[in-house]
Amino acid sequence: MPDEPNPTDGDDAVPVPVDKLESQPLSSGRVHAVTQAETSARHKSLKTAAAGALGGGVKKLGNNLEALGGVVEKLGDVTSKVPLVGSSVATLGAGITQVGESLADLPRVASTRHGRVLLRSMAVAFVVVFAWIAAIVGYQLHDNDPTDFRPLAEHILVQLSSGPGEVHAAYEQASPRFQEMVREELFERQMAEQLATIGKFREITAVNETLVTTGPTGKIGRVSLTVAYDRAICRGSVSFHDDDDGWHLLGVGIELPPEMTVMAPGARSAADDVCPKHDVDLGAMDPKACSVHAAAAGVFAELTAGHAGAVWDNATPVFQKQEDRATFEQVQHDHAAAMGSYKRVVAVTEAKYTDPDHLAATFDCIVEFEHATTRAVFGFVRASATAAWQLRMFKVVVPLPH
C-alpha cells in the first residue's frame, strides 16, 4: 500500500525511515528507592547527635553551676549586713553548688521526654530565682541609708549622763514607740544607776557598726559604739526611729565590764574613796586627780621620754627581782614601737587600797596611746602615808595587730 502524504508536510516532503535503535524505549538511569527503615535510621542518628550535644551542654551547665554556687556564697558573705538577704543568699549559694553537682549526671535524664520537660522547667526556675535575688539585693542596698548616727548618739549619751532634768528631756523627745515600751520612772532610775556606776559620759572612742532597716514601722537605725565614761570604757548601742520630723531615740544599751556591779544613786565607788582631790594637774579628760593616779601618770611620762631605766631604778626591790633592767627597757621600747606615745588616762576602772594602813594600792585604768587604746594595771607601795609611791607591779595589755 503506497504511503499517504502527511498533510502537514509540503508537497515535496519525503518520508524518513526510523532507525531500529531510536525506536527502543528510553531509560532515565538507575533510581534508588528509599525505604522507611532507612528514613527512621537517619532520623534516629540526628536525634542521637542532638541528644549528645544537649548532654554535653547540660554537663557544662552543671559544672558552671558549681562555680556559680561558690560565687553566690561569696555574694552572701558580702551582703551579710543587708537585712533578710545576706544569710539567704549564702544558703542559696550552697544549694546551687549541690544542684550543679547533680546536673553533671543530668544528660541521662535529658534523653527522655520527661527529662527534657524537667530541664526546661529548671531553666525557667533559675531565671526567676536569680531575677528575684537581684531585685531584692538591689533594693536593700539602694534603700540602706548612709546616715551618720554618731552626732545623734553623742547628743543622747550626753543628755543621759547630765542628771534627771536632761534624762526627762531625752525621754520626752524619744520616739512614741519607745515611750510605749518603757515607763519614764523606770528609765530615769536606770539612767541614775548607770551614772552612779560608770560616771559621766566622756566621748565615743569608736563607731563599730551602723545599720538601717526598713520594716512595717518605718526606718530603724542602729549604731554600735565603744564609749568612754568616767570609770570604764563600755560597749553599747543606740537605736533610732525615723518619725515624721526626723530620727528619735528608740533604745539605748550599755554593757558594763564584768568586774563592775550596778551601784545605787548616791553610792561612792572605790575610785572615789582612794582618790581624794590632789593638786597635780592631770588634764581635763582624767576622771580623778589622786596620788596613785599621779604616780601612774608619772610612770607613763618617764617611759614616753625614753627613761625606762629610771623607772626601773625607782621601783621596789620586789619589782626589780621580777625583771632585770635590760629586759624591762627592751619591753618598753617594743611597746612604744607598737602603740606610740602615751596620750592620757581615759578612764579609771578600779583604784583601791590593798592594806588597812593605806600603804599599798592598785590602779587599773584605760590608757590612750598614739596608735591604740588599752588597759594598764599598776601596783604601788609606800613607806608612810606621806611618802611617795613606788612601783611594785606594772602591766600593759598590748592589743593584737589588725
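The model is a predicted one, so local features need pLDDT of at least 70 and side-chain atom pairs count only at pLDDT 80 or more, while totals for chains, interfaces and linings use all residues. Residues are numbered from 1 along each chain as its sequence is written, and side-chain values use heavy atoms, with hydrogens and water left out.

**The sheet**

- Four strands form an open sheet in the order β1-β2-β3-β4, with antiparallel pairing; strands (E, at least two residues) and helices (H or I, at least four) are DSSP runs numbered from the N terminus, and two strands pair if DSSP finds at least two bridges between them.
- Because β1 (201-215) and β4 (246-255) each have a single partner strand, these edge strands have one side left without a neighbour in the sheet.
- From one strand to the next, the twist averages 20° (axes are lines fitted to C-alpha atoms, for helices over the stretch in contact, and angles run from 0 to 180 degrees between N-to-C directions).
- The antiparallel strands β1 and β2 (residues 218-229) are joined by 12 bridges, and F201 has Y229 in β2 as its bridge partner.

**Helices on the sheet**

- Helix α5 (residues 150-160) packs on the sheet and touches β1, β2, β3 (233-243) and β4, where contact means heavy atoms within 4.5 Å; the direction of α5 makes about 125° with that of β1.
- Helix α8 (residues 184-198) also packs on the sheet, touching β2, β3 and β4, and its direction makes about 50° with that of β4.

**Salt bridges**

- The whole structure holds 7 salt bridges, each a side-chain nitrogen of Lys or Arg within 4 Å of a carboxyl oxygen of Asp or Glu.
- D230 and R202 form one of them, at 2.3 Å from N to O; this pair links distant parts of the chain, with D230 in the loop between β2 and β3 and R202 in strand β1, 28 residues apart.
- D230 is buried, with a relative accessible area of 14%, whereas R202 is partly exposed at 30% (buried means under 20% relative accessible area, exposed over 50% and partly exposed in between, with a 1.4 Å probe and protein chains only).
- E368 in strand β6 (residues 360-369) and R344 in strand β5 are 24 residues apart, and their side chains meet in a salt bridge at 2.5 Å, N to O.
- R344 is buried at 18%, while E368 is partly exposed at 22%.
- A network of salt bridges links E203, R344 and E368.
- E185 and R183 form a salt bridge at 3.7 Å, N to O, and both are exposed.
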